[in-house]
Amino acid sequence: MASSDALTLDSARISELPESGFYVPNFILPEEEQYILQEISKLPSTRWTVLSHRRLLSLPSQLTGTARDTLIAAPMPTFLSTVVLDRLKQLSLFKGSPHGAPNHCLVNEYQPGQGIMPHEDGPAYYPVTATVSLAAHTTLDIYKKNDQGEREAIPTWRILQEPRSLLITTSDMYKSTLHGIPEAVEDTDLGPETIVNWDKLADKTPFEGGVAKRQTRISLTYRDVLKVAKVGGAMKFINKR
Ligand SMILES: O=C(O)CCC(=O)C(=O)O
């Protein structure tokens, strides 16, 4: 999406999903994607938290406090704020959030075969999540909760996220569903019957055969952390650890 294009979410709503999920293909340009990827690659490997099924960076820092729900006030790195934050502002998604904009970004890197367990984003954040995909596609499974509030065993919906796309979840979609990325080396059974945002894809060609091999994908998950502590106030958390 060129920066001169008017940004609007009207045509981006995924109508099959509960309120509200939005998919914006080509949210950033290939050169903007390359810039962000290059800046991420310059960070020392020691900054990454390596988990068994992915690695992640929590920027500007990890959440702290006993409930791990507090951000120590700090600016977002420039490579995460220019381009994406500027463009998100035009969508007015975070207008009503406590800080008026995302103040935190989780950078996840997945190798083929890696994924993330089904989960909810939870109460530490204002209920809007904006995820930009870089370098490669993935599929995201969306699970309903049953009457007991537990996750159903089988996902009800599947979203395909292309490189450079933006996925937004808010409202009921944020609060009443769980999401996860299956650990797979390729995504299969892709098509209009199985992918809820099929008609919104920028380029169906790589997926039309129904199978797409996974490649290394980096995602940027932007959120507004509700509790922010100034450095002095944050010392009490640090001293407790
Ligand atoms: O990588 C993604 O697209 C999903 C990330 C995610 O679910 C999270 O960070 O909570």
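**View 1. R68 sits in the loop that joins strand 3 to strand 4.** Strands are DSSP runs of E of at least two residues, numbered from the N terminus, as are helices, which are H or I runs of at least four. The model is predicted: local features need pLDDT of at least 70 and side-chain atom pairs count only at pLDDT 80 or more, whereas totals for chains, interfaces and linings use all residues. Residues are numbered from 1 along each chain as its sequence is written, and side-chain values use heavy atoms, with hydrogens and water left out. R68 is not a glycine, yet its phi is positive, at about 50°. P60 belongs to the loop between strand 3 (55-59) and strand 4 (70-72). The peptide bond leading from L59 into P60 is cis, with omega near 10°.

**View 2. A cis peptide bond links E19 to S20.** Omega for this bond is near -10°. S20 is part of the segment before strand 1 (21-24).

View 3. The shell around the ligand has 13 residues, of which Y110, H119, H179, R217 and S219 come nearest; a residue counts as near if one of its heavy atoms lies within 4 Å. At least two shell residues come from each of strand 5 (104-110), strand 6 (116-119), strand 11 (177-181) and strand 14 (217-223). Strand 14 gives the largest share, four residues. By class, the shell has four nonpolar, six polar and three charged residues. Here Ala, Val, Leu, Ile, Met, Phe, Trp, Tyr, Cys and Pro count as nonpolar, Asp, Glu, Lys and Arg as charged, and the others, Gly among them, as polar.

View 4. Polar contacts are pairs of N or O atoms within 3.5 Å. Y110 places a polar side-chain atom 2.6 Å from an oxygen atom of the ligand. For S219, an N or O atom of the side chain is 2.6 Å from a ligand oxygen. N108 has a polar side-chain atom 3.3 Å from an oxygen atom of the ligand. On its own the ligand has 290 Å² of accessible area, and the protein covers 94% of this (Shrake-Rupley method, 1.4 Å probe).

**View 5. The largest pocket is the space taken by the ligand.** A pocket is an open set of points on a 1 Å grid over the protein atoms alone, with protein on both sides within 12 Å along at least five of seven lines; in a cavity, a 1.4 Å probe fits but cannot get out, and lining residues have an atom within 4 Å of a point. A molecule sits in such a space if more than half of its atoms lie within 2 Å of its grid points. The largest pocket has a volume of about 670 Å³, a volume being the space filled by probe spheres set on the points. It is lined by 35 residues, and L106, I116, H119, D121 and R223 are the closest to its centre. The lining comprises 15 nonpolar, 14 polar and six charged residues.

**View 6. The second largest pocket has a volume of about 240 Å³.** Among its 18 lining residues, A136, H137, P163, P206 and F207 are the closest to the centre. Nine of the lining residues are nonpolar, four polar and five charged.

**View 7. One cavity of 30 Å³ or more is found in the whole structure.** The largest cavity has a volume of about 50 Å³. Y110, Q111, P112, Q114, H137, T138, I181, R214, Q215 and R217 form its lining, with three nonpolar, five polar and two charged residues.

Methods
A polar contact is a pair of N or O atoms within 3.5 Å; within protein, one must be able to donate a hydrogen and the other to accept it, and residues adjacent in sequence count only if both atoms are side-chain atoms.
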